[in-house]
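Welcome to a short tour of a protein chain. Please take a look at the sequence and the model below, and then read on.

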Amino acid sequence: MFGIGMTELLVILAVGLIVIGPKKLPELARSLGKGLAEFRRASTEVRREFLAVTDEARIDPPPRKDAQDESEPNGEREKTGEPSPMEEDMLDFGYDVRSNSRLSCQIKVSNELDGLVVRVPEKQA
């Protein structure tokens, strides 16, 4: 409890008993306990409200379109390679993401990419 050991707590109680007096000490302890309980309730309520607001504000990424919707002319996936797990995480925040989507900065440019068809989404974040 607050990093206070048993001996420190006894010293604090003894000093409190001497300074405040035996009649007022229980009343002071009771009011202190009520204050701490009220603070705990208020902080719990603030935490609940904060979590509720963050849950409401959570936006799900747009659904990806299936590969059937988009054909891969000239074997694009073979030319560009598979996306890394990190790239797939970044694609979760994109618009008009398809199953064969890639980030252009992750594709290594080579002569094999000659004739590659690149589609850009209508809008970007």
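## A buried pair

R102 and E87 are both buried, where buried means under 20% relative accessible area, exposed means over 50%, and partly exposed lies in between (1.4 Å probe, protein chains only). These two residues form a salt bridge, with their closest N and O atoms 2.8 Å apart. E87 sits in helix α4 (85-91) and R102 in the segment after α4, so the pair ties together parts that are 15 residues apart in sequence. A salt bridge here is a side-chain nitrogen of Lys or Arg within 4 Å of a carboxyl oxygen of Asp or Glu.

Before going further, a word on the source: this is a predicted model, in which local features need pLDDT of at least 70 and side-chain atom pairs count only at pLDDT 80 or more, while totals for chains, interfaces and linings use all residues. Residues are numbered from 1 along each chain as its sequence is written, and side-chain values use heavy atoms, with hydrogens and water left out.

## The chain as a whole

How many helices and strands does the chain have? There are 4 helices and 0 strands, and the order from the N terminus is α-α-α-α. Helices (H or I, at least four residues) and strands (E, at least two) are DSSP runs, numbered from the N terminus.

Of the 125 residues in the chain, 13% are buried. The accessible surface is about 10900 Å², and carbon and sulfur atoms account for 60% of that; the areas come from the Shrake-Rupley method with a 1.4 Å probe, and for residues only the protein chains shown count as cover. Contact means heavy atoms within 4.5 Å. Among contacts between residues at least 6 apart in sequence, 65% join residues at least 24 apart.

## A salt bridge along a helix

The whole structure holds 2 salt bridges. E38 is partly exposed, at 45% relative accessible area, whereas R41 is exposed, at 52%.

## Around T80

Now back to R102, seen from one of its partners. T80 lies in helix α3 (residues 76-80) and, with 14% relative accessibility, counts as buried. Which residues does T80 touch, leaving aside its neighbours within four places in sequence? T80 is in contact with R102, I107, L113 and L116.

## A nonpolar patch

I4, M6, L9, L10, I12 and L13 together make a nonpolar surface patch of about 560 Å². Patches are made of residues with over 30% relative accessible area and no salt bridge, with like charges joined within 9 Å and nonpolar side chains (Val, Leu, Ile, Met, Phe, Trp, Tyr) within 5 Å. M6, one of the patch residues, lies in helix α1 (residues 6-20) and is exposed at 60% relative accessibility.
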